[in-house]
Amino acid sequence: MKKKVSLLLCAFLLLLLALPAQAAEFDETYYRFNDFAGVVTEEQEKTLSEKAIGKIEELKTDFPVTVVDALPEDEDLIDYADRFYKKNQFGYGENLSGILLALDLNKKEFKIRYYGDAENISEEARSGLSALFIADCRDDTLSYYELFDRYYDNVFALAAAALPETVDKSDKADGMPYWYPDVTAGFRDFHGKNLPAVVDDAEIFTPEQIETLTQKILKMRSDYGVSYVAFTDDDNHGLLPEEYSSDFLHFHGYGVGDGYSAVVFYLSLDPEDRCWLTTSINSYEDIFTAGVTYDIDETVDADIRAGNYYEAFLKHADFCDALFQRLFVLPDWYPADYDPTAKEHPAVSMPDAPTALTRIVDNAGLFGDGETLRRCEEQLQILSEEYGCDLAVFTDDTVHTRSESDYALDFYRYSGYAKDGMLLMLIKTEDGVTWTEKKFGRCEEDYGKITFTRRVTLKPEEPDQSALLSKYTDTAGFLLRHGHLPVPPVEICILFAIGLLIGFRVGKRRLQKLKSTMILPAQASGAGYIRPGGIVIRNKTETLLYTSVSRTTKYKPKDDDTRSSSTPSRNGSTYTSGRSAGGSYSSGGRRF
């Protein structure tokens, strides 16, 4: 009986001992440093594992390392690292956050993988960690143990820098928000570090919603290298919401590049001024124009007015994701250093003579692959060589610039066509096909005022535009040969008939006038020329309709006035550009 009681007590004690491990945020039973290649001693392996485990709770991140002699030929190091991480149940917290180093000695290759919350670490910080590890690997004075010991020091520093700071969000003594600087005079833009993707000071989102929205925004930042943030507040602290959201960007240090460009979607729940705004600063002001912010307003309006704020923020992020993809994921013919946000781009050297480039680039698939396409390609090539100018036709289903005109210009000059030439661009959209004409150099001088739309008819609803391509090719050839567009016989007949009609009417009036002057006999005095019963003017007076004129001074904004420019509202949308305490901004949105 005593033996059974003892066994039960032992089992109970073992259960109690197991409970803390199950409640912990990570599993300590696995080594964090796994040396399958035998490059360190067992004691060193244990020491490195203990070093990693000791930092997991503090930094909310797991730090496993695996070293192998060689992998099977058909296995990729990344796949091996991910499988190793998952199989051994590494990771901290619900998101299984961690940073894993996998090293293949045979291929002299390594991969550093990021999981869970560690995926939020910036590309710049990741590159820095990799660069430090490469430098240590090349240091012949370091032993393997010292190499990995230094790696752990560096990865701990990286994880510590990525930890979110605890922020006291109480208003400052002067009544301004916690993030407002004490002195704004002389403020200069800067790049902040570890900036949150969502700042919910109005406390309208659940933790799960904040996490989902954060991941969506962080992916957008990573994919396109942009600065975007979602912001809510229930107090504008006496500022205009446009100024308040602009200052939020400037004073936090949001912004990318030397221009410190950024955009925020701001929801103001201030009882005195409830509104939503898309506020951009610096070069992003040229992206988020009045037209773009109006489209955004139409996208989120119904959800915000219905109180579905989270859904509105998701739609805003999706809209901006599509916009950034269009502007920042560029075709191969763009230069590698092309900056879509720059207002001016370096001049491009264009060849003097026609090139051997493809005459028809049909990215949108509007012309099929038939005889018409081949005939037009050959004809455009012959015309280009004969008249010393490049003729090109380009189609696409996406415009990667702020306007179709700019996109057509970019395609022609960055593709390498000659300085003299003509381009027809067709863009396929959900509503049909649009077109843009461009002429360059000598063609612009000679035919700049001639538009093909006078002779070529676009049928935007038709999926196959081969007929238009054929007509354009023939018309371009006629223009180059004769210096003008062809005139149809029917139009000639109509013009001739109109000329005859006008001439007949003018001639008839002139004849009647001549007859009326010819039948009047000479009179002895001037009174004889007055028709009996006619009007005789005896007195003449002048009466002014208005005897006084008043003028009202038109408002002219000052240089430092935040009302520097604005556009009229459309469906409740407003768009304003100006300066806040932090710097320049453009902001569009609606009150509700």
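This is a predicted model: local features need pLDDT of at least 70, side-chain atom pairs count only at pLDDT 80 or more; totals for chains, interfaces and linings use all residues.
Reader: What makes helix 4 and helix 5 roughly antiparallel?

Author: Look at the angle. Helix 4 (residues 123-137) and helix 5 (residues 144-162) pack at about 165°. Angles over 145 degrees count as roughly antiparallel. Helix 4 and helix 5 are therefore roughly antiparallel to each other. Their axes are 10 Å apart, and the crossing is right-handed.

Reader: Which residues make the contact of helix 4 with helix 5?

Author: Helix 4 brings A125, L129, L132, F133, D136 and C137. Helix 5 brings L147, F148, R150, Y151, N154, V155 and L158.

Reader: How do these residues divide by class?

Author: The contact of helix 4 with helix 5 has 10 nonpolar residues, one polar and two charged.

Reader: Why are helix 10 and helix 13 called roughly parallel?

Author: The angle decides again. Helix 10 (residues 371-387) and helix 13 (residues 466-482) cross at roughly 20°. Angles under 35 degrees count as roughly parallel. Helix 10 and helix 13 are therefore roughly parallel to each other. Their axes come within 10 Å. This crossing is left-handed.

Reader: Which residues of helix 10 and helix 13 meet?

Author: From helix 10 come T372, L373, R375, C376, Q379, L380, L383 and Y387. From helix 13 come S466, L469, S470, T473, D474, G477, L480 and R481. The contact of helix 10 with helix 13 has seven nonpolar, six polar and three charged residues.

Reader: Now a strand. What makes strand 15 mostly covered?

Author: Count its buried residues. Strand 15 (residues 584-591) has eight residues, and six of them are buried. A residue counts as buried under 20% relative accessible area. Six of the eight pass that test, and strand 15 is mostly covered.

Reader: How do you know that strand 8 and strand 15 pair?

Author: Count the bridges. Two strands pair if there are at least two bridges between them. Strand 8 (residues 273-281) and strand 15 have six, in the antiparallel sense. For instance, T278 stands opposite G588 in strand 15.

Reader: How many bridges join strand 14 to strand 15?

Author: Six bridges join strand 14 (residues 573-579) to strand 15. At least two are needed to pair. These strands run antiparallel. The bridge partner of T576 is S587 in strand 15.

Reader: What lies between strand 14 and strand 15 in their hairpin?

Author: Four residues lie between them. In the turn, G583 has a positive phi of about 155°.

Conventions. Residues are numbered from 1 along each chain as its sequence is written. Side-chain values use heavy atoms; hydrogens and water are left out. Axes are lines fitted to C-alpha atoms, for helices over the stretch in contact, and angles run from 0 to 180 degrees between N-to-C directions. Angles under 35 degrees count as roughly parallel, over 145 as roughly antiparallel, 65 to 115 as roughly perpendicular and the rest as oblique. A crossing is left-handed if the near helix is turned anticlockwise from the far one by less than a right angle, and right-handed if clockwise. Contact means heavy atoms within 4.5 Å. Ala, Val, Leu, Ile, Met, Phe, Trp, Tyr, Cys and Pro count as nonpolar, Asp, Glu, Lys and Arg as charged, and the others, Gly among them, as polar. Buried means under 20% relative accessible area, exposed over 50%, partly exposed in between (1.4 Å probe, protein chains only).
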